[in-house]
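I opened this entry to get my bearings in a structure I had not seen before. I start with the overall layout and then turn to a single residue.

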Amino acid sequence: MIAITSKFPLKPNAAYGVKVAAQLVLPFERRQKSRLRAVLSTGEEAGVVLTRGTILRGGDWLVASDGRVIEVVAAPEAVLHVECATPLELTRAAYHLGNRHVPVQVGDGWLRLCADHVLEDMLKGLGARVSPLEAPFEPEAGAYGGGHHHHEDEPSRGARIHEYGAHDHDHSEGHDHAHGHGHGHGHDHAHCGHDHSHDHGHPRDHAHPHEHS
């Protein structure tokens, strides 16, 4: 097994003349993990052990134990592409998603989030145009640059539009979380890139009493 323990020391740039030896293709859920096993594009198995809190982004370069450079590729996954008739309506949609601690990718006049039928219905109720897509998911890193900690290995959970890095909370800490999320739906939607085969060990870091199906 190839060990990958560090990121390339400089920002990836083809001008460096670095030869990329293989690619590591991962959905966002797995790119938030600082410790994981994966298979490279060459078919080789790799063990990734990075600094806790590391979030990998598509285009990042990693350095393998044998000196090879590995490129991170954001895998396409099921997302919802959200557009609105006016900037005000798009801002309102972003606000309501943020109020539910939803990782959101922000583009020029659009938002993207993990496919979720409950949130899709909410957005349509706000007047948004919602389209299902298969696309790489790169949510915002958050204004504070930190991470929503994950019990499994304590790295960042990923971007949250709702002060994502500012509250390393457990949701049992006395705030009642009754902000309209509608947890009675059983949370049966799939999180982007959520690979139940990787010993995830739920609970997620926010310990609402709901079940992932």
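Before reading the order of elements, I noted that helices are DSSP runs (H or I) of at least four residues and strands are DSSP runs (E) of at least two, numbered from the N terminus. The model I am looking at is predicted.

Entry 1, the elements. I looked up the pattern along the sequence and found β-β-α-β-β-β-β-β-α-β-β-α-β. The chain has three helices and 10 strands.

I picked Glu89, which sits in helix H2, residues 87-98. Is Glu89 partly exposed or buried? I list Glu89 as partly exposed, because its relative accessibility is 25% and buried means under 20%.

Setting aside neighbours within four places in sequence, I found Glu89 in contact with Cys84 and Gly127. I also looked up the C-alpha atoms of Glu89 and Leu126, which are 7.7 Å apart. Along the chain, Glu89 and Leu126 are 37 residues apart.

Which backbone nitrogen lies 3.4 Å from a polar atom of the Glu89 side chain? I noted that it belongs to Ala85.

Methods:
Residues are numbered from 1 along each chain as its sequence is written. This is a predicted model: local features need pLDDT of at least 70, side-chain atom pairs count only at pLDDT 80 or more; totals for chains, interfaces and linings use all residues. Side-chain values use heavy atoms; hydrogens and water are left out. Buried means under 20% relative accessible area, exposed over 50%, partly exposed in between (1.4 Å probe, protein chains only). Contact means heavy atoms within 4.5 Å. A polar contact is a pair of N or O atoms within 3.5 Å; within protein, one must be able to donate a hydrogen and the other to accept it, and residues adjacent in sequence count only if both atoms are side-chain atoms.
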